[in-house]
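Please consult the sequence and the structure shown here alongside the text.

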Amino acid sequence: MFKVVIVEDEEMIRNGLVYVIDWMAMDCVVVGSAGDGHSGLELIEETDPDIVITDIRMPGLDGLSMLEAARSDQYDFSAIIISSYSDFEYAQKAIRTGVLDYMLKPIDEDELVAKINEAKRRLRKKRILHLVDDAFLAENSELFERASSAQDQDPYTSAIISMIKDHYHEKLTLTQIATELNVSPSFVSRYIKEKSQFNFTDLLNRYRLQKALTLMLADKHLISEVAERCGFSDYRHFNTVFRKYLGISPSKWLKDKGLKEAKPKSDEE
């Protein structure tokens, strides 16, 4: 079930949205409603909804300010705003700032159902992405934790893992590791495959991507900067590896998570 919050200062419209719409048929439940932005923000903080439907013009705190305040607190939801014709340009501007969609009063039930279904589709996609990310990170963590736990008994594992962790952001090759261990590159290749079930490139790329995801979630870096800081030769290489392991481009991954790539610094900065 998807949790829905409705924020609308006109009681008749608010009650209509709460009680007239067949939410159960859409796998949704209205977890609360509010008549102003301040109460709506408190409701969002209390219920952590999946979908927020809000009017733009409300006393005290308007709908967009309420949404911005909620998003600054890291609540992750899809927002649909309700506007009158006089707010049309304002509503369009809201779409460019992250609001899913807008509706004009009076509310058309079929249109609302279509927008709710679109919100649900995007939320499901986000959840799948989260599952993929979580599975990837969990697998990586288990892999490197398992390797680290064997370090005391296995000097080769210790050296290989240490070199990957210390030099992932640089150009790192099998030959470099082999030279460090005074063995052949083919020995290192077979050894890594035997111990981790991955080849050297897989192991290195997984660690680099783990670091890249952390930087991207911080929302403070250009994707090209992330690629460079994590040892990828260029953005194209980073994009290829990212797609291979996560099934999506870095920029689309950020967008689907509701994040934005950092803006390039101007020469004056």
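How many aromatic pairs does the count come to? The count comes to seven aromatic pairs, where rings of Phe, Tyr and Trp (its six-membered ring) pair if their centres lie within 6.5 Å, and planes under 30 degrees apart count as stacked, over 60 as edge-to-face and the rest as tilted. The model is predicted, so local features need pLDDT of at least 70 and side-chain atom pairs count only at pLDDT 80 or more, while totals for chains, interfaces and linings use all residues. Residues are numbered from 1 along each chain as its sequence is written, and side-chain values use heavy atoms, with hydrogens and water left out.

**Aromatic pairs**

- Tyr156 and Tyr191 form an edge-to-face pair, because their ring centres are 5.5 Å apart and their planes stand at 70°.
- Tyr156 belongs to helix H6 (residues 155-167) and Tyr191 to helix H8 (residues 185-196), so this pair ties together parts that are 35 residues apart in sequence; helices (H or I, at least four residues) and strands (E, at least two) are DSSP runs, numbered from the N terminus.
- Tyr156 counts as partly exposed at 31% relative accessibility, whereas Tyr191 is buried, with a relative accessible area of 12%; buried means under 20% relative accessible area, exposed over 50%, and partly exposed in between (1.4 Å probe, protein chains only).
- Tyr168 and Tyr207 are also edge-to-face, because their ring centres lie 5.4 Å apart with the planes at 75°.
- Tyr168 sits in the loop between H6 and helix H7 (174-181), and Tyr207 in helix H9 (residues 200-217), so the pair ties together parts that are 39 residues apart in sequence.
- Both Tyr168 and Tyr207 are buried.
- A cluster of Phe232, Phe238, Phe242 and Trp253 is linked by ring pairs.

**Salt bridges**

- The count comes to eight salt bridges, each being a side-chain nitrogen of Lys or Arg within 4 Å of a carboxyl oxygen of Asp or Glu.
- In the salt bridge between Lys115 and Glu111, the closest N and O atoms are 3.6 Å apart.
- Lys115 and Glu111 are four residues apart in helix H5, so about one helical turn separates them.
- Lys115 counts as buried at 12% relative accessibility, whereas Glu111 is partly exposed at 31%.
- Glu118 forms salt bridges with Arg121, where the closest N and O atoms are 2.8 Å apart, and with Arg122, where the closest N and O atoms are 2.8 Å apart.
- Within helix H5, Glu118 is three residues from Arg121, about one turn of the helix, and four residues from Arg122, also about one turn.
- Arg121 is partly exposed at 45% relative accessible area, Arg122 is partly exposed at 42%, and Glu118 is partly exposed at 25%.
- A network of salt bridges links Glu8, Glu10, Asp55 and Lys105.

**Surface patches**

- Asp22, Asp108, Glu109 and Asp110 form a negative surface patch; patches are made of residues with over 30% relative accessible area and no salt bridge, like charges being joined within 9 Å and nonpolar side chains (Val, Leu, Ile, Met, Phe, Trp, Tyr) within 5 Å.
- Lys and Arg count as positive and Asp and Glu as negative, without His and the chain ends, and the place of a charge is taken as NZ of Lys, CZ of Arg, CG of Asp or CD of Glu.
- Asp108 lies in the loop between strand S5 (101-104) and helix H5 (109-149) and counts as partly exposed at 38% relative accessibility.
- A nonpolar surface patch consists of Met1, Met24, Val29 and Val31, with about 360 Å² of accessible area together, by the Shrake-Rupley method with a 1.4 Å probe.
- Val31 is found in strand S2 (residues 28-34) and is partly exposed, with a relative accessible area of 31%.
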